[in-house]
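The following questions and answers concern one protein chain. Please consult the sequence and the structure while reading them.

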Amino acid sequence: MSELPATMTAVAIVGKGGPEVLKPVTLPMPQPGRGQLLIKVAAAGVNRPDVMQRMGLYPAPVGHSEIPGLEVAGTVAAAGEGAHRLRAGDKVMALVSGGGYAEYCLAEATSCLPVPVGLAMREAAGVPEAFFTVWHNVFERGGLKPGEWLLVHGGTSGIGVTAIQLAHAFGAKVMATAGTPAKCEVCRELGATRAVDYTAEDFVEAVKAETGGRGVDVILDMVGGDYVERNIRSLADEGRLVNIAFQKGSKVTIDMMRVMLKRLTLTGSTLRIRSNEVKAAIARAVEEKVLPLIADGRLRVVIDAVYPLAEAAKAHARLEESHIGKVVLTL
C-alpha cells in the first residue's frame, strides 16, 4: 500500500436535495479488509438509487461508505487478506454498496467480475448494477423461460435496455413500454417484439392484443402505483410480477381475487442490502451466463452520456431527464 497516495478525491452528498448537493471532497485512502479489493476507479455508473440517496430517501447501509455509487470499473490496486481470485493490476468491474464516486473504491472480491477483453471501462462500469439486477429479478425471481413473454416497463432506462437484450438473448419474447416513438424504436432495435408508447396507448390493451388475450408471463416493473393493478390484469395465468422500484409509490390497492384466480406470484427485491453471499452467487451466475454474451457482442452496454467525476451533478441532472441507457462518470 505504500505506493498509494494517503488521500483521494471523492464526490460526497453534502446535505440533501438537488444535484447541487454533490460536492468534491478529500478523504483518506480506504484500506481493504479481509476478502476485499481496493479498486483504482476508471469509471463509475450513475443509478436511480444514487439520486434517491442524494434526496435523503435511500441511506447507505450501516457500515458502508456514504459516498454514492453502486458500480465501478477499474484496476485492482491492492487486495486484502483472503482475496485470492483477482490480484493487483487486474481489470475488474464491481457491484458495491457505496463509494463508487471516488478515485478509489473498496469492493468485496466475490462481487467483482473480470472485464471482458475489448470492453471499454466506461462500458464495464455500466454492467454490474443493471446486469446483476436483471439477472436476479427476471431470471431467478421471475423464472423467465425461453418462449415466454416478458413485459419491461421503462424500456430505455439502464435496467430496461439490459432486460430487453437479456430476455431476447435467452429466447423470450419481449414487450416494453417507453414514453416517445423514438424510445419505442430503440426498444425494438434491442430486441423487443412490441414497444408501447405509454403516452399514446394503454399497455394493458396492447398486451391483450399482442398475446391473443393470454397475457404476459413476467413483468419487470419500476413504476409501482397504479401500474400494479394494471400489471396484474396484464399477466397470464401463473404469471410473475417483479417490482424493483416504485416511482409512482409503493402503497397500492389491488384486487387479490384476480391474483388468486390467475395463481399469480408478486415479488420484488433490492440488491444493496443483500448479504455478500447472495451477491456472490449472483456474480457467479452473471459471469457464467452473461459475460460470454457481452464478450462476443451479443449484448451491449447502452451508454447515454459520460461525464468526468467532477461533474457528477450534471450526471444526476441528466439521469433525471429523458435518457436512453446508462449515465457514467469517468476519472
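Helices and strands here are DSSP runs, with helices of at least four residues and strands of at least two, numbered from the N terminus. The model is predicted.

Q: In which loop is Ala109 found?
A: Ala109 does not belong to a numbered helix or strand but is found in a loop.

Q: Is Ala109 buried or exposed?
A: A residue is buried when its relative accessible area is under 20%. Ala109 has 15% relative accessibility. Because this value falls under the cut-off, Ala109 counts as buried.

Q: Which residues does Ala109 touch, not counting residues up to four places away in sequence?
A: A contact requires heavy atoms within 4.5 Å. With residues up to four places away in sequence not counted, the residues that Ala109 touches are Gly35, Gln36, Leu37 and Ala83.

Q: Which element gives the most to the lining of the second largest pocket?
A: The second largest pocket holds about 380 Å³ of space. Of its 22 lining residues, the closest to the centre are Gln36, His64, Ser65, Gly98 and Leu106. The elements that give two or more residues to this lining are β2 (22-28), β6 (104-108) and α9 (276-289). With five residues, the element that gives the most is β6.

Q: How many charged residues does the lining of the second largest pocket have?
A: By class, the lining of this pocket has eleven nonpolar and nine polar residues. The number of charged residues in the lining is two.

Q: With which side chain does the side chain of Glu148 make a polar contact?
A: Glu148 is found in the loop between α3 (128-141) and β8 (149-152). At 14% relative accessibility, Glu148 counts as buried because this is under the 20% cut-off. Among the residues that Glu148 touches are Gly143, Asp217 and Arg240. The polar contact of the Glu148 side chain, at 2.8 Å, is with the side chain of Arg240.

Q: What is the radius of gyration of the protein chain?
A: The secondary structure of the chain comes to eleven helices and 15 strands, and 56% of its 331 residues count as buried. For a compact globule with 331 residues, a radius of gyration near 20 Å would apply. The value for the protein chain agrees with this, at 20 Å.

Key:
Residues numbered from 1 in each chain as written. Predicted model: local features only at pLDDT ≥ 70, side-chain atom pairs only at ≥ 80, totals over all residues. Heavy atoms only, no water. Buried < 20%, exposed > 50% of the residue type's maximum accessible area, 1.4 Å probe, protein only. Polar contact = N/O pair within 3.5 Å; in protein donor to acceptor, adjacent residues only side chain to side chain. 1 Å grid on protein atoms, 1.4 Å probe; cavity = no way out; pocket = protein on both sides within 12 Å on 5 of 7 lines; lining within 4 Å. Points joined across faces, edges and corners; volume = space filled by probe spheres on them. Nonpolar A, V, L, I, M, F, W, Y, C, P; charged D, E, K, R; others polar. Rg over C-alpha atoms; globule rule 2.2 N^0.38 Å.
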